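Here is a short report for a first look at this structure.

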Amino acid sequence: MINDSDQDKRTIQKNLAQLCFGFLFVLSVYNGIEPLQGSLNPDQGLGTTTTSVIYVTAVFSSLFVATPVIKIVGAKRGILSLFLSHTLYCLANFHPRWWTLVPASSLLGLTATVGWGSQGVYMMSLAKRYGELTDQDTDTILSFFTGIFFVFIGLTRPLGNLLSSIVLK
């Protein structure tokens, strides 16, 4: 029979896997589209502008938006906002116009820092709880969880490039 501690550990492992695979799927698609914006949408600099909008709004968001929003909505909803905004941005690329891509890019820039900050908060809470259950140091568990997470993040660029090459053939 599985005791509550073992069940809690499995739940934490499942939550970490969901976080990793969620970022893998969403960022793979995004990383397949974003580097090609200048080539895919060259008319009047649309692709370059939308990429710039993402990063300018991300700088603003990281300085003024992310922390208060994470405090208000919580880590899980912050991560969800990142997933939704990346999905909206990718969908906007099916009809690339100024009125679709610029708002989607702005939203993406604003929510990306919220999502990345939320990911850190959420992972810390998972590591802290797992450390309590296993009587291990939280920093050690956090380092381990972060390593696993960044293996998945590292896979997003090559998978995105693979998706782009398949779609563009």
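Accessible areas here come from the Shrake-Rupley method with a 1.4 Å probe. By that method, the chain exposes about 9,600 Å². Carbon and sulfur atoms supply 67% of this area. Keep in mind that this is a predicted model.

**Overall fold**

The chain holds seven helices and zero strands. Along the sequence, the pattern reads α-α-α-α-α-α-α. The C-alpha atoms fill a box of roughly 60 × 40 × 25 Å along the principal axes. Of the 169 residues in the chain, 41% are buried. Now take the contacts between residues at least 6 apart in sequence: 80% of them join residues at least 24 apart.

**The core**

The largest nonpolar core has 34 residues. Leu19, Phe23, Tyr30, Tyr89, Met123, Phe145 and Phe149 touch the most other members. Helices α1 (4-33), α3, α5 (75-92), α6 (98-134) and α7 (138-168) each supply at least two residues of this core. The largest share, ten residues, comes from α1.

What does Leu19 touch, leaving aside its neighbours within four places in sequence? Leu19 is in contact with Ile79, Gln119, Tyr122, Met123 and Phe149.

**The cysteines**

How many disulfides does the structure hold? The count is zero. A disulfide needs two cysteine sulfur atoms within 2.5 Å. The sulfur of Cys20 is 19 Å from the closest cysteine sulfur, in Cys90, so the two are too far apart for a bond. Cys90 is likewise in no disulfide. Cys20 is buried, and Cys90 also counts as buried.

Val59, Phe60, Leu63, Phe64 and Leu110 make a nonpolar surface patch of about 510 Å². Helix α3 (residues 46-64) gives the largest share of the patch, four residues. Phe64 lies in helix α3. Is Phe64 buried or exposed? Phe64 is exposed, because its relative accessible area is 56% and exposed means over 50%.

The table sets out the relative accessible areas given for single residues.

| Residue | State | Relative accessible area |
|---|---|---|
| Cys20 | buried | 1% |
| Cys90 | buried | 9% |
| Phe64 | exposed | 56% |

To recap, the chain has seven helices and zero strands, a largest nonpolar core of 34 residues and a nonpolar surface patch of about 510 Å².

Definitions and conventions: Residues are numbered from 1 along each chain as its sequence is written. This is a predicted model: local features need pLDDT of at least 70, side-chain atom pairs count only at pLDDT 80 or more; totals for chains, interfaces and linings use all residues. Side-chain values use heavy atoms; hydrogens and water are left out. Patches are made of residues with over 30% relative accessible area and no salt bridge: like charges are joined within 9 Å, nonpolar side chains (Val, Leu, Ile, Met, Phe, Trp, Tyr) within 5 Å. A salt bridge is a side-chain nitrogen of Lys or Arg within 4 Å of a carboxyl oxygen of Asp or Glu. Buried means under 20% relative accessible area, exposed over 50%, partly exposed in between (1.4 Å probe, protein chains only). A nonpolar core is a set of buried Ala, Val, Leu, Ile, Met, Phe, Trp, Tyr and Cys residues joined through side-chain atoms within 4.5 Å. Contact means heavy atoms within 4.5 Å.
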